[in-house]
Amino acid sequence: MNSPRTRSISTRLTIMNMLVSGAALLLACIAFFAYDQITFREGLVHTLSAQAQIISSNSVSAVLFNDPQTAANTLSALKSSNNIASAGIFTVDDHPFAQYSRAGEGKLLTIPAISEDQIETYRFGTSHVLLVRKILSEGKVIGFVYILADLHEIDKRLARYALIAMVVLLVSLLFALLVSSAFRKSVSQPIVNLAETARRVSRDKDYSVRVADVGERDEVSVLIESFNEMLREIQLREGALQQAHNELEDRVSERTRELLSANRELEAFSYSVSHDLRGPLDALNGFIYLLIQQHGEKLNTGGRELIEHIRNAGKRMTELIEDLLNLSRVSTSAMHMEKVDLSKIAHSIAEELCHSHPQRKVEFVISNTENAQGDVRLLRIVLENLLRNSWKYTSGHKESRIQFGAEGNKGRTVYFVRDDGAGFDPRSATRLFQPFQRLHSKDEFPGNGIGLATVQRIVRRHGGETWAVGAVEKGATFYFTLGSAAGQPKA
Amino acid sequence: MNTTGGWLHSERKSLAARISRVRRFRNMIACFSSLLSLLLLIPVCSAQLTHPTEFQVESAYLYNFGKFVQWPPDRVQASDSLQICLLGKDPFGAILDSTVAGEKIDGRAITVRRLSTVDDSSSCGILFISSSEEARLNTVLAIAQRSGELTVSDIPHFAERGGTIGFVMQQGRIRFEVNRAAAVQSHLTLSSELLKVASKVINKPLRNGQP
């Protein structure tokens, strides 16, 4: 599976080889042929000249004694040279005297002029060469002999040379092909290997591969060496990086494990403390109750007041322990996710509240919300805490109004509980959801500061958030969401 | 002016043309001289320019024979001129003189001598025997042969009768017959080139002393 690029480098090498050898051969052929042409023409002229010389010296008497027949006989000796198309003798005053032609093609020629100091001259035409020589007798011109030779021989030679050149060219190209394929191993194969490895590295991110080095010391082997060195470096660094990453992972999971176990211990501790505290407290409460029942009349008014204080404190402690147990329960109990109608729960809580304090004038405005996804028991605790909170903090007002609803915000549903009660100082808004943190004194509004912390824990377990907006005596609004934007609650 | 490559048609002022012009000019001189001597021959004179007369041809041949004949070395001195002698009535007149004027064969100048008797022919290279001498032909030939002369004549059957070269008229063309035996008897060597163009080569020696 050669990619176009890797194939092209060896192909290009081959083509280059073939082009170079082909061009060199072609040039050599052309030069050789040109040389041969020149030599051949020179030889031809030389031969013709010799023949003309013989003819002219043998036809002196024929011309002098006006014997065309003898001259024609002399000319006919040219039959043996089959490249001579025609020949002839002209008298000194340009009259044709005798004629010879190979195949009866007796066309009369106009013979070229010869200057006074020349004895012969020749002219090359496209297919013929014409040679003219003076016939001399006693140093005087008595006539001219011409020989017309055709150049078919040259054409034949050309064709033969072209054939030979073509065959040689083909054979040498074939040879170049073979040689280049033999050299491909040593020249282009390393490059192809390099490219293949580079592609594998970039595709598989496998830095452990190495390019096989070739024995020869050239630029390619330097390149391969450097490439391997680079891979080694990358592999080293990647290993170090991976190690650091793994260490970090290990450390994080260790910390998480430690934190989880610490948290669990803490929760177990607080649970067991709360649980164990309940026994002695119940006993204390019980005995105080018995003390009031059986010996109440014996105590004076001051004594009864003190006893009453002790009883209230015991009651508050019981509530506190109960809340602490709830808090740890919501953190640890298993969740059963299902569809929950929050509006319905809000209605039932509102009804309970109205029923328990029929003297208060509180208007509940509960809008219908879409079914939420969550644990119905825990979500009931959320709404109970928030609505009771509002109920409590509106107690200072003669008439009040408590709202429950939902609004869409950036693709997620935000639920809210709004009242027009005592409100809070917005600067302390972040402290609201921390356990045991209270913004109002116990005398003003009873409570132990665990309710909103419980709310936050439950909402967080559902993968949501809580926040509050409010101002002193201007009411407060508590918001919560269920599930993150991705909609997946945390386990 | 003419180069090897000067093949243009306009440049076809070949040497041949110029030579022929010279020849024509020479002919005109010849013509002029004949005009002086033979005032009546004016129309013949103009005809000469295109068709050489029998005498013109023969006089040219007479001179040309000299090129193909080798005389015995003891008879020829390099300094000597080649003498063309006319025996009997001269048929050529000035034509022969103008033909050979200035010409040389093997570096020898050519002179024309007119003889009244064959006895004066001892220094002649070529002896033309006029038809007027036909009656005494055998005697003349015998004398000429002894002095190694090339005998030429337009007497019919001259070669047959022991002469070396005899002019004959064939199809309106002047040709010549050669008697090789006669040449040998005269110690002359004839070139094969000459024999080649002869209309007939005869091998018939002159019987000595025969009248």
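Modeller: A residue is buried if 20 or more other C-beta atoms lie within 10 Å of its own, exposed if 12 or fewer, and partly exposed in between. The model discussed here is predicted.

Colleague: What does D94(A) count as, judged by its C-beta neighbours inside 10 Å?

Modeller: D94(A) lies in the loop between β1 (84–91) and β2 (96–101) of chain A. The cut-offs are 20 or more for buried and 12 or fewer for exposed. D94(A) has 17 C-beta neighbours inside 10 Å, so it counts as partly exposed.

Colleague: And what is the phi of D94(A), which is not a glycine?

Modeller: Most residues other than glycine have a negative phi. D94(A) is not a glycine, yet its phi is positive, with a value of about 70°.

Colleague: In which loop is the place of E473(A)?

Modeller: E473(A) is another residue that is not a glycine and has a positive phi, of about 60°. With 12 C-beta neighbours inside 10 Å, E473(A) counts as exposed. Its place in chain A is the loop between β11 (466–470) and β12 (476–481).

Colleague: Is D375(A) buried or exposed?

Modeller: D375(A) is found in chain A, in the loop between β8 (372–374) and α9 (376–393). Leaving aside its neighbours within four places in sequence, D375(A) is in contact with M335(A), H336(A) and M337(A). Because 21 other C-beta atoms lie within 10 Å of D375(A), this residue is buried.

Colleague: By what distance are the C-alpha atoms of D375(A) and K339(A) separated?

Modeller: Along the chain, D375(A) and K339(A) are 36 residues apart. In the predicted model, the separation of their C-alpha atoms is 8.2 Å.

Colleague: How many other C-beta atoms lie within 10 Å of F144(A)?

Modeller: F144(A) is found in strand β5 of chain A. Its C-alpha atom is separated by 9.6 Å from that of D93(A), which is 51 residues away along the chain. F144(A) is buried because the count of other C-beta atoms within 10 Å is 26.

Colleague: At roughly what angle do the axes of helix α7 and helix α10 of chain A cross?

Modeller: Helix α7 covers residues 301–332 and helix α10 covers residues 451–461 of chain A, and their axes come within 9 Å. Angles under 35 degrees count as roughly parallel, and α7(A) and α10(A) are therefore roughly parallel to each other. The angle at which the axes cross is roughly 5°.

Colleague: Which residues of α10(A) make the contact with α7(A)?

Modeller: By class, the contact of α7(A) with α10(A) has four nonpolar, three polar and one charged residues. From α7(A) come N326(A), L327(A), V330(A) and S331(A), and from α10(A) come A453(A), T454(A), R457(A) and I458(A).

Colleague: What share of the residues of chain B count as buried?

Modeller: Chain B has seven helices and ten strands, while chain A has ten helices and twelve strands. Buried residues make up 25% of the 491 residues in chain A. For chain B, with its 211 residues, the buried share is 35%.

Colleague: What is the mean pLDDT of chain B?

Modeller: In chain A the mean pLDDT is 85, and 95% of the residues reach 70 or more. In chain B, 73% of the residues reach 70 or more, and the mean pLDDT is 77.

Colleague: What ipTM does the model score?

Modeller: In chain B, pLDDT stays under 50 over residues 33–49, for which the model has 17 contacts beyond four places in sequence. The model scores a pTM of 0.52, and its ipTM is 0.71.

Note on methods: Residues numbered from 1 in each chain as written. Chains lettered and ligands numbered in written order. Predicted model: local features only at pLDDT ≥ 70, side-chain atom pairs only at ≥ 80, totals over all residues. pLDDT = per-residue confidence, 0-100. Helix = DSSP H or I, 4+ residues; strand = E, 2+ residues; numbered from the N terminus. Axes fitted to C-alpha atoms, helices over the stretch in contact; angles between N-to-C directions. Parallel < 35°, antiparallel > 145°, perpendicular 65-115°, else oblique. Contact = placed C-beta atoms within 7 Å. Nonpolar A, V, L, I, M, F, W, Y, C, P; charged D, E, K, R; others polar.
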